[in-house]
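Here's a quick briefing on how two chains sit together and what holds the contact. Have a look at the structure first, then read on.

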2 protein chains.
Amino acid sequence: MKLATYKDGSRDGQLVVVSRDLTTAHYATGIASRLQQVLDDWNFMSPQLQDVYAALNRVAEGSSPAGLARNPFPFDPDMCMAPLPRAYQWADGSAYINHVELVRLARKAEVPANFYTEPLMYQGGSDDFLGPRDDVVCADEAWGIDFESELAVVTSDLPMSCTPERALDGVRLMMLVNDVSLRNLIPEELAKGFGFVQSKPATAFSPVAVTLDEIGDAWRKGRASLTVQSTWNGRKVGMCDAGEEMTFHFGQLIAHLCKTRNVRAGSIVGSGTISNRAIEKNGKKEWVNGYSCIAEKRAIETILDGQPSTSYMKFGDIIRIEVKGKDGQSVFGAIEQKVTSQS
Amino acid sequence: MKLATYKDGSRDGQLVVVSRDLTTAHYATGIASRLQQVLDDWNFMSPQLQDVYAALNRVAEGSSPAGLARNPFPFDPDMCMAPLPRAYQWADGSAYINHVELVRLARKAEVPANFYTEPLMYQGGSDDFLGPRDDVVCADEAWGIDFESELAVVTSDLPMSCTPERALDGVRLMMLVNDVSLRNLIPEELAKGFGFVQSKPATAFSPVAVTLDEIGDAWRKGRASLTVQSTWNGRKVGMCDAGEEMTFHFGQLIAHLCKTRNVRAGSIVGSGTISNRAIEKNGKKEWVNGYSCIAEKRAIETILDGQPSTSYMKFGDIIRIEVKGKDGQSVFGAIEQKVTSQS
């Protein structure tokens, strides 16, 4: 099932069910008005939403009378807030060790041994998420504005100390993420050791959040074998596979978060920048899948040429992040955001 | 006005208004059921709650007919969840530079120059707060269980880039905090630079959250001149003044958080461990106000004796944190928590 949150002037928006092909939507009125309500009471509410979803898909296909979906309307991603416009937790891993290796190699720093056995993870701000078409507003281009294309899951309640396997049972929904980063503010915050406060502004999410059955057999052992496309100013810069090279799967990321505390329903856990290894061609390394953030491209340039040549984003730049299924249809809808200056 | 959240089996509990002397309470039924609702719509709801509060104080004093407070009941802190049982943001500063200096001096590390001009701050988990009498549950004593006595404020909506002065206008409520810390997990997380995920388990808050008028002229230029008492296993170990020695005031802390993003209503911003400087007595330093966390006591012991002699908390230990007003009455009610092992 696919769920979205429509802008209605309120802080939490209105929950809508969206057809599989993303053409048609229906308010979840009568079941729940907000996605957090559904996550708080998943076993009771999700089957009811599933019934609306089934009816809506039949309407979208034109194959049957409306039934439960008697007031459908065309789905418009421009109307979307983040599926959870605000959340009680946003914890973002850095699960693709290849990304960490490249960034460290570029600055001639070693990767500490425990980075291979324990996920990196930071606690992010979750009070003010961006919708998929909301501008990335920034006061200063010089802060080094970057996108990060990621996947994230939304969890159920999970107990302290739970195992990665148990944690996987608690995955309710999956979304796309643009984990906007201000690269030139990061070194100082990293040095302090207290994590990212200023260098991670508001995070954006895809138009819809989907249950795992929507990605079918692409979901394997806690990893999603999906190709995440990143298109920067109309140029496809990344076609990265999110599956096999994910060093820590989502169950491991969630279990890391659960080590010393309970994790409550509606927590969002991110994968970190999706990153694929280079392949050897004629004795040279080639990063054929491109990149999911500019920092990684600059790291590669630094490794190859001694210095970066790609600049970070400028005001007016547009980043589009999308995943197409085997059938060629968009799974989550596209994040498409313009970078703008604070007026 | 003083507000609390009563346990009722739900995730967000029931909002109650509490009399100034903390003897009497009244459900906020008819105005709002949850504190977040009030913060979302403060200008509309808070005057209504204020009216109930005024009536309730008259009832508590036995001085007048009940009026709006016609169903009062005895206030019981054991019934309390955190005033916000879950929140969209919890960002904790480290605003008392004396604490940072002591901890660094003990490990012979310098305090970086920018620590005097920019607050340290970490983003904490906010999905699963503890009530004032909930146990601190921990899987392993060896993790180095510590309390941290702090003050925190709850904010209104505040815009990106707002000034410290503007930020102060957005302070809605103040609470006491026990920012539970697992000291032996901190060095590894600090070294990673990504902040605290496992070393900061669930945070606890005082029975009531209060508006700033409740502390009267103790609120001065963004600092609260209150004595925060920390009592560990019945022994008063800290009587720290939260006011003058707060290096960065709450407006500066909130503005730090706002530099690159909007801060939304109901965000909780903490002061960090309250810490006072030593005074010189007969050529020797004495920390007469005691300590608000064991780590600081151990730092002092290390500075004086070369090694720490005070152990962290054990299962069964009890920590009590409280502030008494000029009239000797408890301002926020007491946090009183037992440390227990995970069963």
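A:D157 is partly exposed, at a relative accessible area of 29%, and its side chain meets that of B:R11 in a salt bridge, 2.7 Å from N to O. Keep in mind that this is a predicted model. That pair is a handy way into the contact between chain A and chain B, since it crosses from one chain to the other.

**The A:D157–B:R11 pair**
- On the chain A side, A:D157 sits in the loop between β10 (149-155) and α4 (164-169).
- On the chain B side, B:R11 belongs to the loop between β1 (2-6) and β2 (14-18).
- B:R11 is partly exposed too, with a relative accessible area of 22%.

**How the chains are related**
- Turn chain B by 180 degrees, with a shift of 0.0 Å along the axis, and it lies on chain A with an RMSD of 0.0 Å.
- That is how a two-fold axis relates its copies.
- The copies meet through the same surface, because 100% of the interface residues of chain B are also interface residues in chain A.

**The interface in numbers**
- Chain B brings 56 residues to the contact, and chain A brings 56 residues as well.
- Between them the chains bury about 5,100 Å², with 49% of that on carbon and sulfur atoms.

- B:D40 and A:R11 pair up through their side chains at 3.4 Å, N to O.
- Here B:D40 comes from helix α1 of chain B, while A:R11 comes from the loop between β1 (2-6) and β2 (14-18) of chain A.
- Both ends are partly exposed: B:D40 at 23% relative accessibility and A:R11 at 21%.
- A:D128 and B:R264 form another salt bridge, with the closest N and O atoms 3.1 Å apart.
- This one joins two chains, because A:D128 is in the loop between β7 and β8 of chain A and B:R264 is in the loop between α6 and β19 (268-270) of chain B.
- A:D128 counts as buried at 14% relative accessible area, whereas B:R264 is partly exposed at 25%.
- B:K192 and A:E118 also meet in a salt bridge, at 3.3 Å from N to O.
- Several of these residues are part of a salt-bridge network that links A:R11, A:D12, A:R86, A:D128, B:D40, B:D157 and B:R264.

**Two buried loop residues in chain A**
- A:P132 is in the loop between β7 (120-124) and β8 (136-138), and it is buried at 0% relative accessibility.
- A:P132 and A:P77 are 55 residues apart in sequence, yet their C-alpha atoms are 7.3 Å apart in space.
- Beyond its sequence neighbours, A:P132 touches residues including A:P77, A:F205, A:P207 and A:I335.
- A:S271 is in the loop between β19 (268-270) and β20 (279-281), and its relative accessible area of 0% makes it buried.
- Among the contacts of A:S271 outside its sequence neighbours are A:D92, A:Y96, A:E150, A:M246 and A:F250.

Technical notes
Residues are numbered from 1 along each chain as its sequence is written. Chains are lettered from A and ligands numbered from 1 in the order in which they are written. This is a predicted model: local features need pLDDT of at least 70, side-chain atom pairs count only at pLDDT 80 or more; totals for chains, interfaces and linings use all residues. Side-chain values use heavy atoms; hydrogens and water are left out. Copies are superposed by least squares on the C-alpha atoms of residues with pLDDT of at least 70 in both. Contact means heavy atoms within 4.5 Å. Buried area is the accessible area (1.4 Å probe) that two parts lose on being put together, summed over both. A salt bridge is a side-chain nitrogen of Lys or Arg within 4 Å of a carboxyl oxygen of Asp or Glu. Helices (H or I, at least four residues) and strands (E, at least two) are DSSP runs, numbered from the N terminus. Buried means under 20% relative accessible area, exposed over 50%, partly exposed in between (1.4 Å probe, protein chains only). Lists of a residue's contacts leave out its neighbours within four places in sequence.
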